[in-house]
Amino acid sequence: MKSAVAELAQQVTDAHKPLRIVGADTKAEYGEIPSANIRLSTAGLAKILAYEPSELYVRVGAGTTLEQLDACTAEHNQQVAADLGGLPRATVGGVVACAFTGPERPHRGIVQDHVLGCQIITGTGSIQQFGGTLIKNVAGYDITRLMVGAQGTLGVITEVVLRTRGIAPANVTMVQECPASAAIGTCNELAGKGLPLAASAWSQGLLRLRFVGSEAAIKRACAFTGPERPHRGIVQDHVLGCQIITGT
């Protein structure tokens, strides 16, 4: 009996027209609209293939959803090192193929930084394995990172090896009213303060700052006040709400 990967490889071999590679179809409008009508689904590749918390890597099938992946790594108080975005039903293969990242990208790195290996099906139906489970495991041209962001044009991603990391013991999201100019100044100043800023966003007059780290670092972040304190007040005057995760 053929494996799911072998069946996909056979479909690629038998195809005489362009294929539309689909996982959960959450990015149907992303990039160029494909002219292909033949649908190639990776939904059958939803499986955690190997997970070594002590070695900081997880190997998953391309059809595995982010929700499934997060549930697996959370059992060991870990997460994927890259911020893969906030769509729980999106698949790992789709996120890697489109190089999607969430708001913590500036602080946790891009997807390419944390993809250690992959398995693909080439345009001729050949199954190829690249990379491994270590950060420094490539000699020569790095095909693994080439697949990130290629949107399936170079092959069908069937497996991905991702780097993992521990989850910080605490985090807080602060919301502050301010104009865009002040938000830019605050973020620039925070960059030089050594505070555990993980993500920032300004929209409709509200600046949101997410801090992730130790409880002591979070306390320092919550007490942060910029140079305009005498004229604009202290942080406590303008924080409208917050969300925290305690050490327990």
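View 1. At 67% relative accessibility, Gly194 counts as exposed, where exposed stands for over 50% relative accessible area, buried for under 20% and partly exposed for what lies in between (1.4 Å probe, protein chains only). Gly194 belongs to the loop between α6 and β10 (197-203), with helices (H or I, at least four residues) and strands (E, at least two) taken as DSSP runs and numbered from the N terminus. The C-alpha atoms of Gly194 and Ala221 are separated by 9.4 Å, and these residues are 27 residues apart along the chain. The model shown is predicted, and for this reason local features need pLDDT of at least 70 and side-chain atom pairs count only at pLDDT 80 or more, whereas totals for chains, interfaces and linings use all residues. Residues are numbered from 1 along each chain as its sequence is written, and side-chain values use heavy atoms, with hydrogens and water left out.

**View 2. The two faces of helix α6.** Helix α6 (residues 180-191) has 12 residues and reaches 17 Å from its first C-alpha to its last, close to the 16 Å expected at 1.5 Å a residue; the expected span is 1.5 Å times one less than the number of residues in the helix. The buried residues of α6 are Ala182, Ala183, Thr186 and Leu190. Seen down the axis of α6, these buried residues fall within an arc of 100°, so they line one face of the helix, the arc being that of the directions from the helix axis to the C-beta atoms. On the face of α6 turned away from its buried side are the exposed residues Ser181, Ile184, Asn188 and Ala191.

**View 3. Salt bridges.** A salt bridge is counted where a side-chain nitrogen of Lys or Arg lies within 4 Å of a carboxyl oxygen of Asp or Glu, and by this rule the count comes to 6 salt bridges. One of them joins the side chains of Glu189 and Lys193 (3.9 Å, N to O); Glu189 is partly exposed, with a relative accessible area of 23%, and Lys193 also counts as partly exposed, at 47% relative accessibility. The side chains of Arg20 and Asp25 meet in a salt bridge at 3.0 Å, N to O, with Arg20 partly exposed at a relative accessible area of 22% and Asp25 partly exposed at 31%. A salt bridge of 2.6 Å, N to O, links the side chains of Arg145 and Asp142, and Arg145 is partly exposed, with a relative accessible area of 25%. Glu104, Arg108 and Arg210 are linked in a network of salt bridges.

**View 4. The largest nonpolar core.** A nonpolar core is a set of buried Ala, Val, Leu, Ile, Met, Phe, Trp, Tyr and Cys residues joined through side-chain atoms within 4.5 Å. Of the 24 residues in the largest such core, Leu69, Leu84, Val92, Val96, Ile157, Val160 and Leu162 touch the most other members. The elements that give two or more residues to this core are β4 (57-61), α2 (66-74), α3 (92-98), β6 (115-121) and β8, and α3 gives the most, with 4 residues.

View 5. Tyr141, Leu146 and Leu154 make a nonpolar surface patch of about 330 Å², with accessible areas from the Shrake-Rupley method with a 1.4 Å probe, in which, for residues, only the protein chains shown count as cover. Patches are made of residues with over 30% relative accessible area and no salt bridge, like charges being joined within 9 Å and nonpolar side chains (Val, Leu, Ile, Met, Phe, Trp, Tyr) within 5 Å. Leu154 is placed in the loop between α5 (143-147) and β8 (156-166) and counts as partly exposed, at 43% relative accessibility.

**View 6. Phe130 and Thr144.** Phe130 lies in strand β7 (residues 127-131) and is partly exposed, with a relative accessible area of 22%. The C-alpha atoms of Phe130 and Thr144, 14 residues apart along the chain, are separated by 5.9 Å.

View 7. Most residues other than glycine have a negative phi. Leu56, although not a glycine, has a positive phi of about 60°; Leu56 is placed in the loop between β3 (48-52) and β4 and counts as partly exposed, at 36% relative accessibility. Ala99, likewise not a glycine, has a positive phi of about 55°; Ala99 sits in the loop between α3 and α4 (105-108) and is partly exposed, with a relative accessible area of 22%.
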